[in-house]
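Please consider the sequence and the model displayed below. The report concerns selected computed features of the two chains.

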Amino acid sequence: MSTAFSSAKFSTQPFLLNPTSAASHESPLLFAKPTSQFLGSTRKLRLSSSSKLNLSRRSGTVVAVSDVVKQKKSKSTPSLLITKEEGLELYEDMVLGRAFEDMCAQMYYRGKMFGFVHLYNGQEAVSTGFIKLLKQQDSVVSTYRDHVHALSKGVPARAVMSELFGKTTGCCRGQGGSMHMFSREHNLLGGFAFIGEGIPVATGAAFTSKYKREVLKEADCDHVTLAFFGDGTCNNGQFFECLNMAALWKLPIVFVVENNLWAIGMSHLRATSDPQIYKKGPAFGMPGIHVDGMDVLKVRQVAKEAIGRARRGEGPTLVECETYRFRGHSLADPDELRDPAEKAHYAARDPITALKKYLIENNLAGEAELKAIDKKIDEVVEDAVEFADDSPVPPRSQLLENVFADPKGFGIGPDGRYRCEDPKFTEGTAHV
Amino acid sequence: MATSFHGVGAAVAALSSSPSNSFDSKKLLCSPRRSFPVRKGASFVVARSDGSVNFDLNPKARRAQQLIVNAVATKSDSSPASSSSKPGHELLLFEALREGLEEEMDRDPRVCVMGEDVGHYGGSYKVTRGLAEKFGDLRVLDTPIAENSFTGMGIGAAMTGLRPVVEGMNMGFLLLAFNQISNNCGMLHYTSGGQFTIPIVIRGPGGVGRQLGAEHSQRLESYFQSIPGIQMVACSTPYNAKGLMKAAIRSENPVILFEHVLLYNLKERIPDEDYICNLEEAEMVRPGEHVTILTYSRMRYHVMQAAKTLVNKGYDPEVIDIRSLKPFDLHTIGNSVKKTHRVLIVEECMRTGGIGASLTAAVTENFHDYLDAPIMCLSSQDVPTPYAGTLEEWTVVQPAQIVTAVEQLCK
């Protein structure tokens with residue numbers, strides 16, 4: 001996997017640069033050539049000697065996405081991108097994601113959770129970078145790798161862990177499981193097992209937002225929807241169909257590609273004719289942005305603009321976050337295909353370590369403070385496990401609940417009464 | 001198709017004046033183990049497709065009467081005479097669908113329509129004609145040709161507060177949306193632990209038409225019936241088309257409404273007042289004594305045509321339009337089986353794995369003791385519907401086959 005890429009690449013005129021002209025919005029359809037190629041190989045790790053890259057690496061500062069443009073480069077003393085408060089919030093969220101996922105692995109191997117469990121280790125910057133900018137009424141749609149999206153959106157760790165243990169106190173009453181995290185309260189619309197399946201649902205949520213504003217005349221409705229999915233999904237029809245519809249109707253949605261280069265054992269480069277996913281945005285009439293997904297501040301900057309665009313009614317954005325999962329595809333994946341050098345390369349760019357470094361070097365937080373957060377999170381996660389352990393498993397009577405919102409859907413039995421009126425119904429079978 | 005409907009209606013109505021002694025049980029060819037209740041001075045029961053029923057109020061039949069006119073506004077014990085004397089208005093089935101849809105859109109601003117050519121084109125079967133002009137392009141949304149995605153979009157919209165009506169231009173196209181219908185539409189309420197409801201209506205014309213070719217002549221109800229969490233209904237008359245459309249839109253469950261390509265031009269007089277048809281109930285089309293014929297959608301008319309012949313031959317078939325394909329109304333069906341003890345199912349699905357197959361199993365399971373003969377199920381042939389007219393005719397069940405089947409059942 002090559003490192004010959006700049007911190008961000010644009011396939012449209014960058015609109016998020018240059019604070020002086022922040023108010024004016026450049027036409028999103030102007031194209032700027034990417035400054036360097038997104039190269040990659042499944043075999044060798046090609047290290048780049050690009051000076052620009054080394055400069056940004058050596059400086060150690062997390063630079064903004066706008067670094068590519070010369071105007072921004074002249075500002076050699078970048079103002080800090082976040083406040084201390086924000087920094088700690090981001091740090092805590094990422095640590096929560098990491099600690100939770102590590103605990104999931106432990107619990108899985110101890111036989112507390114079953115089935116397919118897909119862990120998010122390494123990708124925390126994307127979830128935190130985007131979701132922490134949302135309001136509660138904004139919606140998030142995810143895939144099967146959804147634990148951390150749920151946590152970032154505000155679903156309590158207890159509820160997520162219980163769900164994974166299959167207990168009735170889980171966020172979906174134990175009926176969804178690892179791949180189907182839902183929360184009405186926090187507007188997490190899933191959790192989908194098939195890839196690409198959630199993208200139309202996200203498009204629908206964005207449609208509702210637009211509908212509320214324009215048909216129901218709820219003038220202040222500016223809810224945004226984020227759809228998270230991976231590189232494999234970007235070869236799927238639903239992805240393209242929804243890019244088309246979202247751009248066509250200018251829906252308030254951001255399509256976030258978590259490009260971790262691997263779809264189970266299929267390398268993105270082996271599966272995709274043109275691996276630069278961000279370029280597919282302009283083909284449908286929306287900006288396409290590539291960002292370093294291992295850097296939470298860069299992601300956050302891009303997210304801010306994309307979400308802002310959606311909120312203002314300017315339409316969708318496609319954001320490709322280059323990221324990496326430190327573990328296998330799922331806990332059942334032996335992860336033998338990936339080059340150890342590639343893994344090492346990305347492990348060195350651990351987003352949590354990077355943020356920690358940024359916070360300390362910019363005097364936003366001290367070592368002790370961050371350690372305290374680590375400890376707090378450990379306690380939260382331990383508590384979640386304890387809570388899940390102590391929670392009851394779903395009783396037999398729960399089996400037929402929630403099949404229908406209106407249980408009259410089970411039909412009329414031979415005796416003329418609706419089956420659901422029969423108190424013994426939940427002890428029977430659900431055949432109709 | 002409309003002409004045959006009128007024909008059947010007239011024929012059935014004409015029978016009401018025939019002397020009751022032609023139905024003397026001694027002349028019947030069936031030899032039942034249980035005796036038939038003798039009708040004393042019965043005015044022959046006419047169940048017209050306009051939903052009104054002229055009954056001699058036999059207590060057993062009272063329940064059936066209540067099943068038909070399930071109007072929200074009318075009283076359930078209104079006498080048939082008064083309900084049939086209301087003027088109402090005449091329209092075609094597709095207009096009835098539109099009327100139902102329009103009334104619901106007027107009633108609830110969250111109801112919206114999505115589909116191909118539903119807006120400016122007015123719908124390929126004119127079901128949504130005029131709605132885009134009235135409600136705007138966002139409420140009657142012309143989608144690109146992407147069934148899987150716009151059905152999914154409808155589901156996402158339903159989860160977040162809207163009540164979409166998704167139109168498949170032909171039901172067969174919804175095969176492309178099977179992923180969303182099965183995985184999301186049916187399941188999300190359950191997998192989310194009841195947090196999200198999906199009050200979506202998915203509708204469109206299906207069934208075998210006039211030489212439309214194999215792919216446009218599919219019966220999707222057999223493919224969708226296993227999906228947990230959805231309800232399926234099939235309309236067959238303007239009355240129940242409007243009633244089911246409205247009920248489906250008001251339901252909190254995802255409902256798939258099956259229309260039939262050949263029934264859109266049926267004409268009927270329907271009530272002026274607001275009414276809905278119960279989604280889970282079957283419709284008694286023609287009460288009878290000798291055999292229960294269960295059918296739905298277009299086959300209802302083939303059955304009624306066969307009923308004409310059967311009555312002339314001295315049989316008294318009870319015809320039930322099951323309407324609710326999932327779940328089955330086992331009460332209406334059961335009552336009928338307990339009365340007649342013989343069941344014939346006439347459907348348009350293919351032999352293998354169709355609605356008839358499920359219905360056969362359900363009736364056997366629940367009413368085995370009441371059956372005097374094995375259930376007969378007449379289905380379409382297990383072939384891709386051919387284009388040639390003659391071949392196509394042989395694919396679906398024709399009235400002559402129904403007559404033969406009843407004669408065989410009643411031996």
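Predicted model: local features only at pLDDT ≥ 70, side-chain atom pairs only at ≥ 80, totals over all residues.

## Interface between chains A and B

On the chain B side, 54 residues are in contact with 55 residues of chain A. The area buried between the two chains is about 4500 Å², and carbon and sulfur atoms give 63% of it. Of the area that chain B buries against chain A, B:Leu138, B:Tyr190 and B:Gln195 supply 16%, more than any other three residues. The count of salt bridges between chain B and chain A is 0.

## An open sheet in chain B

Chain B contains an open sheet of 5 strands with mixed pairing, arranged in the order β11-β13-β12-β15-β16. Strands β11 (283-286) and β16 (376-380) of chain B stand at the edges; each has a single partner strand, so one side of each is left without a neighbour in the sheet. On average, and with direction ignored, neighbouring strands of this sheet are turned by 25° against each other.

Within β16(B), B:Ser380 is the bridge partner of B:Met350.

## Helix α12 in chain A

Helix α12 of chain A spans residues 340-347, and its residues A:Glu342, A:His345 and A:Tyr346 are buried. These residues lie on the same side of α12(A), because they cover an arc of only 90° around the axis. An α-helix has 3.6 residues a turn, so residues three or four places apart point the same way.

Notes. Residues numbered from 1 in each chain as written. Chains lettered and ligands numbered in written order. Heavy atoms only, no water. Buried < 20%, exposed > 50% of the residue type's maximum accessible area, 1.4 Å probe, protein only. Helix = DSSP H or I, 4+ residues; strand = E, 2+ residues; numbered from the N terminus. Arc of directions from axis to C-beta. Pairing = 2+ DSSP bridges. Axes fitted to C-alpha atoms, helices over the stretch in contact; angles between N-to-C directions. Contact = heavy atoms within 4.5 Å. Buried area = accessible area lost by both parts, 1.4 Å probe. Salt bridge = Lys/Arg side-chain N within 4 Å of Asp/Glu carboxyl O.
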